[in-house]
Amino acid sequence: MIAVTSEPAIGDVFGEMIRDAYAVATGVGPRPLAGGRLPRPVIEIIERDDGLINGAPAGHYLDPPEAWQPYDHRAVDRVRGHALDVGVGAGRIALHLQQRGMPVTGLDTSVGALRVCRHRGVRDLVHGTIDQHVADGRRYDTFLLLGNNLGLIEGRERAADFLAALAALARPGAQVIAHGTDPYGTTDPVQVSYHERNRRRGRLGGQLRLRLRYRQLGTEWFDYLVCSADELAGLVHGSPWRLVDVDDRDHPYYLATLELA
C-alpha cells in the first residue's frame with residue numbers, strides 16, 4: 001500500500017521541472033503527458049509561508065535572447081572578463097555569453113538543472129553553493145545574479161556572509177551585476193500585509209519565506225529576498241563591495257552594479 005501524505009517528498013524540484021520543460025520545448029527526453037497524449041504544461045509552483053501560492057510557466061528559463069526583457073540585455077552587455085553565473089538555471093545567460101566568446105562558469109545547487117545546461121551546451125559548470133565554491137580556488141571578474149537572483153542574499157542575517165563569499169572569489173576590480181525587484185509599489189492587500197508582518201518579525205518587508213513544489217516533490221523552506229535599491233545599499237554597506245549604479249529604467253525591476261571596494 002502506498003502511504004498518502006499531504007507533505008511533498010524533498011527532492012530536486014527545480015531540476016525535475018527544468019528537465020520536463022526542456023523535454024516539452026525540444027522533444028528531448030520523456031515528456032509529462034496530460035490525458036496520455038498531449039504534453040502537460042510545466043508550471044513552477046511557489047508556496048509562501050503565509051499560505052499564498054503562485055504558479056508560472058517554467059518555459060521562460062529556456063528563453064532565447066530575443067524573448068528576454070530589456071534589462072537582461074543591458075546586464076550581459078556589462079559583463080567583462082570571466083563571469084560566474086550564480087544560479088545558472090537552464091543556462092540561458094551562460095549560453096549567450098559563450099556564443100559571444102566570453103569565458104563563463106555556471107553555478108547551481110540543482111543537479112538536474114546542471115544536466116540540462118550540459119545537454120544544451122554549457123561547457124563549464126559547478127555544482128554547489130557560493131560558499132562551497134570558495135574552496136575551489138577559482139577567481140572571477142563578473143558575478144551575475146540575474147533572473148531576480150539578487151534574492152539569493154536571503155536577508156540581513158545572510159547578506160554579510162554571501163557578499164564575503166563573492167569577494168573571496170573575486171579578482172581585483174571585480175563587479176556584481178544583480179537583477180532585483182522593488183516590492184513596495186503594490187497596493188495589493190495580500191502583499192502589503194505580508195510586508196507589515198515581516199517588519200513586525202524584524203525582517204525586511206520583502207524577505208520571502210518560500211518553498212518550491214513540482215508534481216510530488218518539494219524543497220525545504222528557504223528565504224529569498226525581494227528588496228528596494230535603498231535596502232540593498234544598506235545591506236552592502238560595510239561589506240567588501242560598494243553599490244555604484246542602479247539602473248531602474250524598467251521599474252519596479254532594476255539592475256544593481258556592485259564593485260569590489
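Just after α7, G202 takes a positive phi of about 80°. This is a predicted model, where local features need pLDDT of at least 70, side-chain atom pairs count only at pLDDT 80 or more, and totals for chains, interfaces and linings use all residues. Residues are numbered from 1 along each chain as its sequence is written, and side-chain values use heavy atoms, with hydrogens and water left out.

Now the helix itself. Helices are DSSP runs of H or I with at least four residues, strands runs of E with at least two, numbered from the N terminus. At the start of α7, a side-chain oxygen of D188 comes to within 2.9 Å of the backbone nitrogen of V190.

Which residues of α7 are buried? They are Y194, H195 and N198; buried means under 20% relative accessible area, exposed over 50%, and partly exposed in between, with a 1.4 Å probe and protein chains only. Those three cover an arc of only 100° around the axis, which puts them on the same side of α7; the arc is that of the directions from the helix axis to the C-beta atoms. On the other side, P189 and R200 are exposed. The buried residues pack against β4 (43–48) and β11 (207–214), contact meaning heavy atoms within 4.5 Å.

Y194 also has a charge over its ring: the charged end of R48 is 3.8 Å from the ring centre. The rule there is NZ of Lys or CZ of Arg within 6 Å of the ring centre and within 35 degrees of the ring normal. R92 lies over the face of W68, at 5.3 Å from the ring centre.

How values were computed: A polar contact is a pair of N or O atoms within 3.5 Å; within protein, one must be able to donate a hydrogen and the other to accept it, and residues adjacent in sequence count only if both atoms are side-chain atoms.
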